[in-house]
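Please find below a colleague's note on the structure. It is set out as numbered points.

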Amino acid sequence: MTSAEKRFKKSEVRRIRNKAIKTRCKTRVKQFMQAIQNKDQKAAEEQYIVLQKEFDSAHSKGVLKRNTVARKKSRMAKLYNKTFVSNAAASIAE
């Protein structure tokens, strides 16, 4: 086996592993968005916690960069707060 063949095999294994990790992250985002659309605060909160762990795991494995993870987590938190926290504050104020 030449070194080029070995590098090809290794890169293929990495590509498949990275793809699986990215797919898991995307699935978590979809589940979180579904909970947000259903206005289910408890499910959205649970999904957000799992989503954060998934993103952090992807970062620690080198699949996603630090700023990408931070940006995605921030956007999800902002969406959660916009959907649930602002509504709670509005209902308390009334």
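The points below concern the basis of the model, a helix and a charged patch.

1. This is a predicted model, in which local features need pLDDT of at least 70 and side-chain atom pairs count only at pLDDT 80 or more, while totals for chains, interfaces and linings use all residues. Residues are numbered from 1 along each chain as its sequence is written, and side-chain values use heavy atoms, with hydrogens and water left out.

2. Helix 1 covers residues 3–37 (helices are DSSP runs of H or I, at least four residues, numbered from the N terminus). Its 35 residues should span 51 Å at 1.5 Å a residue, and the end C-alpha atoms are 51 Å apart, which agrees; the expected span is 1.5 Å times one less than the number of residues. Lys39, which follows helix 1, has a positive phi, near 60 degrees.

3. Ile21, Cys25, Phe32, Ala35 and Ile36 are the buried residues of helix 1 (buried means under 20% relative accessible area, exposed over 50%, partly exposed in between, with a 1.4 Å probe and protein chains only).

4. A positive surface patch comprises Lys19, Lys22, Lys26, Lys30, Arg71, Lys72, Arg75, Lys78 and Lys82 (patch residues have over 30% relative accessible area and no salt bridge, with like charges joined within 9 Å; a salt bridge is a side-chain nitrogen of Lys or Arg within 4 Å of a carboxyl oxygen of Asp or Glu). Helix 3 (66–93) and helix 1 each supply at least two residues, and helix 3 gives the most, with 5.

5. Arg75 lies in helix 3 and counts as exposed because its relative accessibility is 53%. Arg71, also found in helix 3, counts as partly exposed at 38%. Between Arg71 and Phe55 the separation is 16 residues in sequence and 11 Å in space, C-alpha to C-alpha.

Note on methods. Patches are made of residues with over 30% relative accessible area and no salt bridge: like charges are joined within 9 Å, nonpolar side chains (Val, Leu, Ile, Met, Phe, Trp, Tyr) within 5 Å. Accessible areas come from the Shrake-Rupley method with a 1.4 Å probe; for residues, only the protein chains shown count as cover. Lys and Arg count as positive and Asp and Glu as negative; His and the chain ends are not counted. The place of a charge is taken as NZ of Lys, CZ of Arg, CG of Asp or CD of Glu.
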